[in-house]
Amino acid sequence: MNYTSIKDIDSLSKWVKSAIKIKSKPLKNKKLGKNKTLGMLFFNPSLRTRLSTQKAALNLGMNVMVMNFTNEGWTLEFEDGAIMNQGASEHIKEAAEVVSQYCDIIAIRAFAGLVDKEKDNAETVMAGFLKYATVPIVNMEGATGHPLQSLADAITMEEFKTEHRPKVVLSWAPHPKALPQAVATSFVEMMQLQDADFVITHPKGYELNPEITKDSKIEYDQNKAFENADFIYTKNWSSYSDYGKITNSDPNWTVTADKMKLTNNAKFMHCLPVRRNVIVTDEVIDSENSIVIEQANNRTYAAQLVLQKILMTLAPKEANKTKKSKKNK
Amino acid sequence: MNYTSIKDIDSLSKWVKSAIKIKSKPLKNKKLGKNKTLGMLFFNPSLRTRLSTQKAALNLGMNVMVMNFTNEGWTLEFEDGAIMNQGASEHIKEAAEVVSQYCDIIAIRAFAGLVDKEKDNAETVMAGFLKYATVPIVNMEGATGHPLQSLADAITMEEFKTEHRPKVVLSWAPHPKALPQAVATSFVEMMQLQDADFVITHPKGYELNPEITKDSKIEYDQNKAFENADFIYTKNWSSYSDYGKITNSDPNWTVTADKMKLTNNAKFMHCLPVRRNVIVTDEVIDSENSIVIEQANNRTYAAQLVLQKILMTLAPKEANKTKKSKKNK
Amino acid sequence: MNYTSIKDIDSLSKWVKSAIKIKSKPLKNKKLGKNKTLGMLFFNPSLRTRLSTQKAALNLGMNVMVMNFTNEGWTLEFEDGAIMNQGASEHIKEAAEVVSQYCDIIAIRAFAGLVDKEKDNAETVMAGFLKYATVPIVNMEGATGHPLQSLADAITMEEFKTEHRPKVVLSWAPHPKALPQAVATSFVEMMQLQDADFVITHPKGYELNPEITKDSKIEYDQNKAFENADFIYTKNWSSYSDYGKITNSDPNWTVTADKMKLTNNAKFMHCLPVRRNVIVTDEVIDSENSIVIEQANNRTYAAQLVLQKILMTLAPKEANKTKKSKKNK
């Protein structure tokens with residue numbers, strides 16, 4: 001079992017229930033991970049993911065080995081058949097097979113480069129580990145998705161939703177730097193598994209990958225989208241059609257208290273880190289309706305659920321055998 | 001309970017006694033930290049503090065998560081109300097609240113910038129975490145103090161002092177780089193809690209913050225200061241009045257064997273790292289009277305005492321609740 | 001006991017047998033390392049060594065503290081008597097003595113600089129720690145040797161050798177960057193302890209240190225060397241005589257399937273990371289005869305054997321005493 005995409009969730013409602021159960025007794029399965037090792041490989045910076053995933057593993061009694069590939073390891077080659085006489089010192093094939101021998105689960109963070117759409121869509125790093133690793137892979141944010149984040153988002157919405165079928169709005173907001181679409185993409189995929197009135201709002205030109213959004217509703221008028229919303233999930237992303245570019249930085253898209261007044265007393269969500277007074281005003285993020293801190297707290301339980309599910313699939317490891325055959329995926 | 005300043009010590013003599021007791025049986029409280037997590041956040045390099053604090057936490061059975069903010073995380077914004085459209089990706093408010101959910105204690109290292117006296121005196125990073133974190137904070141060297149170092153210094157002096165009221169000299173020494181005043185400042189504050197004949201000696205222009213030194217004796221003649229001293233504590237710092245500048249690099253201030261002859265067979269102390277033959281000659285630091293290695297060893301027990309005291313104040317954590325209310329400080 | 005060179009192995013055959021035994025039950029000595037701490041200090045990048053040594057320590061129940069000296073600590077001075085008014089902030093003497101107080105074993109990686117042969121041969125960093133540390137030292141690749149790698153190589157050859165006395169070929173191969181001789185050097189020293197037909201092959205000018213190779217056979221015709229070989233161990237290194245230079249990058253030295261046909265169905269070995277289609281063709285490294293992944297797996301058991309041997313020599317540590325006297329080496 002891997003967890004690299006929202007598609008790896010068989011039943012979102014069951015997963016969310018299990019995660020909430022874990023949250024109520026986080027140390028209950030402290031023995032499950034005994035003598036199991038999580039390898040966390042970072043190709044990009046990380047705060048929440050780094051600490052919450054580590055914490056989740058510790059709650060399960062696992063050992064954790066953290067490695068920043070960019071400054072602690074070697075530059076990797078991902079192309080099959082490459083003549084490696086340039087910058088890369090090691091091929092993903094060896095790296096993934098070797099690390100699989102030291103770890104029972106490998107978690108990977110590798111952001112989109114935002115230069116080459118095709119390459120990003122191919123999820124070079126994640127796909128390389130999926131192809132060559134012989135142990136389960138967990139996605140700690142890839143080029144096109146951040147499924148641990150979206151699972152935490154689902155848990156948080158479950159905790160804060162009221163009785164009726166909620167209206168959930170994913171709203172683009174401006175940002176001074178070009179950011180990946182990963183969080184928004186996984187959020188859309190996760191929402192498509194929910195019974196909700198789901199609306200995406202952004203300026204024209206900021207349409208997400210249409211193969212992902214499919215028939216999810218897009219409303220270009222942010223005010224209209226906010227009407228009667230129960231959850232406002234804000235996030236910036238760079239253009240997908242004009243790939244990786246900032247084509248709009250209109251401050252009118254910043255989430256303000258006035259806009260929140262259009263909603264049904266909506267909860268405000270953001271994956272963090274968030275640029276205050278650019279993405280959202282202090283007034284909104286500091287209000288009672290802001291649940292960004294609770295959302296970040298649920299990162300631990302999302303990760304713990306995923307690790308727990310994987311640990312339960314792991315047959316007792318025969319340590320004296322070199323793992324050569326690829327696992328069933 | 002936090003430990004961010006010497007002022008957090010209620011009784012120095014009791015703390016020193018407790019630390020010496022811990023040193024004699026460092027694993028006695030191995031269960032106290034079980035399932036508790038120390039988050040160590042570094043905004044600057046660290047050798048002794050990094051390893052001794054980690055070791056202290058392990059001795060108490062804690063989990064440790066180490067993070068170098070500068071290359072592993074996001075640049076933080078510390079100003080309230082800032083429009084975050086520049087370099088900083090995350091506000092201290094979110095960072096501190098979020099990390100508090102993954103850790104039971106947060107330890108922080110954030111040096112003085114030595115450019116803006118007011119900003120350094122405001123202890124921007126430490127104060128930000130104190131304001132927004134919901135778990136205890138430990139200072140692993142801030143802009144204006146290094147209280148874990150000074151506690152280790154007090155332990156070391158207690159171990160090596162003879163019967164009588166000792167004469168303790170804090171002596172400035174030259175250094176090729178501008179260094180913070182933090183170690184010297186905390187040392188002065190710690191000495192003011194001791195029954196000792198305490199003298200600070202440095203060239204004119206190197207007066208420490210007068211709000212700290214108060215009526216502690218300053219002697220500008222180093223030789224005179226050294227007379228009959230029992231402990232020579234050497235440390236460089238940059239000018240406080242001409243803030244962060246090197247206004248003197250007179251090699252006559254280097255601690256030599258000849259100067260040590262003026263003392264009452266004094267012990268030589270330094271917090272390390274030390275520049276040999278600039279701060280102190282090889283002859284002195286390699287002599288029997290040098291206790292710098294013992295001093296560094298006590299870093300573990302100073303940290304362990306502080307962590308132990310904090311752990312004992314922690315109510316059994318309700319893991320399923322998001323901590324929203326600020327702790328009593 | 002230290003492990004800084006192949007010379008520290010008293011009986012290679014016994015060590016290899018013990019390592020294979022450990023591999024069959026890697027968690028058998030989980031209690032041996034309880035409350036013992038391994039400090040891993042990196043002056044250079046590392047993937048396999050970083051993770052396998054950590055894994056080995058965890059298998060023995062040890063605590064591990066990892067530190068990258070280059071960006072997390074201070075620049076060290078190694079010269080005795082230096083007037084430290086330049087870049088280095090701390091002398092190896094203090095660093096080694098201090099870290100010895102926080103760790104029970106110190107493991108170090110410090111590559112050759114490939115500029116100053118004399119300095120590299122002096123193993124400045126490793127020798128500094130050996131001289132001043134008061135706890136055992138493990139070499140995770142120094143300037144002139146990589147004995148953990150060679151021990152893993154010996155384990156791997158033992159597992160894959162057939163009945164008869166094997167022919168083992170160490171073959172140089174081209175590489176775009178100048179690499180240290182460390183791996184090749186330790187391999188030669190290890191092979192000199194084995195009963196095998198051992199041949200080194202490389203272009204003229206790539207002779208390794210003659211004080212190491214002694215009377216080991218050198219064959220300048222790679223094809224001739226490969227004839228009837230049972231193991232082809234490939235590795236690039238820069239020139240030793242024209243120190244640190246690339247004097248040849250002849251692609252004819254790349255290990256190809258055609259060359260492997262000259263052998264006795266030889267196993268292909270490489271320490272990794274390996275440059276595909278420069279050092280060796282995809283066809284060879286992806287063939288059934290390639291055992292590079294198994295070889296990397298044995299890094300864990302080589303490290304675990306070394307740590308286990310050292311742990312068994314450690315007297316119960318008197319934690320309340322400062323270690324001042326140097327250990328027996």
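# A viewer tour of a three-chain model

Start with chain A and select β7 to β11: they form an open five-stranded sheet in the order β9-β8-β7-β10-β11, paired in parallel. (Helices, H or I of at least four residues, and strands, E of at least two, are DSSP runs numbered from the N terminus; two strands pair if DSSP finds at least two bridges between them.) Before going on, note that this is a predicted model, where local features need pLDDT of at least 70, side-chain atom pairs count only at pLDDT 80 or more, and totals for chains, interfaces and linings use all residues. Residues are numbered from 1 along each chain as its sequence is written, chains are lettered from A and ligands numbered from 1 in the order in which they are written, and side-chain values use heavy atoms, with hydrogens and water left out.

**Stop 1**

Next, pick β8 (residues 197-201) of chain A, which pairs with β9(A) in the parallel sense over two bridges. Click on Ile200(A) and you'll find its bridge partner in β9(A), Ile218(A).

Now show helix α8 (residues 182-191) of chain A. This helix lies across β7 (167-172), β8 and β10 (231-235) of chain A, and runs at about 165° to β7(A). (Contact means heavy atoms within 4.5 Å; axes are lines fitted to C-alpha atoms, for helices over the stretch in contact, and angles run from 0 to 180 degrees between N-to-C directions.)

**Stop 1: the four-stranded sheet**

Stay in chain A and select the open sheet with the order β2-β1-β5-β6, a set of four strands with parallel pairing. At its edges are β2 (63-68) and β6 (137-139) of chain A, each pairing on one side only. From one strand to the next, the twist averages 20°.

Zoom in on β5 (residues 105-109) of chain A, which runs parallel to β6(A) and is joined to it by three bridges. Ala107(A) has Val138(A) as its bridge partner in β6(A).

**Stop 2: all three chains**

**Stop 3: the largest pocket**

Which residues lie closest to the centre of the largest pocket? Select Leu58(A), Asn63(A), Leu58(B), Asn63(B) and Asn63(C), the closest of the 46 residues that line it. The elements giving two or more residues to this lining are α2 (48-59) and β2 of chain A, α2 (48-59) and β2 (63-68) of chain B, and α2 (48-59) and β2 (63-68) of chain C. The pocket holds about 1,900 Å³ of space. Its lining divides into 16 nonpolar, 15 polar and 15 charged residues. (Ala, Val, Leu, Ile, Met, Phe, Trp, Tyr, Cys and Pro count as nonpolar, Asp, Glu, Lys and Arg as charged, and the others, Gly among them, as polar. On a 1 Å grid over the protein atoms alone, a pocket is an open set of points with protein on both sides within 12 Å along at least five of seven lines, while a cavity is a set where a 1.4 Å probe fits but cannot get out; lining residues have an atom within 4 Å of a point. Grid points are joined across faces, edges and corners, and a volume is the space filled by probe spheres set on the points.)

**Stop 4: a cavity in chain C**

The largest cavity has a volume of about 40 Å³. Among its lining residues are Trp172(C), His175(C), Tyr206(C), Trp237(C) and Lys245(C).

**Last stop: two backbone details**

In chain A, find the cis peptide bond from Leu272(A) to Pro273(A), with omega near 0°. Pro273(A) sits in the loop between β11 and α12 (282-285) of chain A. Finish on Glu141(C), a residue other than glycine with a positive phi, near 110°. Look for Glu141(C) in the loop between β6 (137-139) and α7 (147-160) of chain C.
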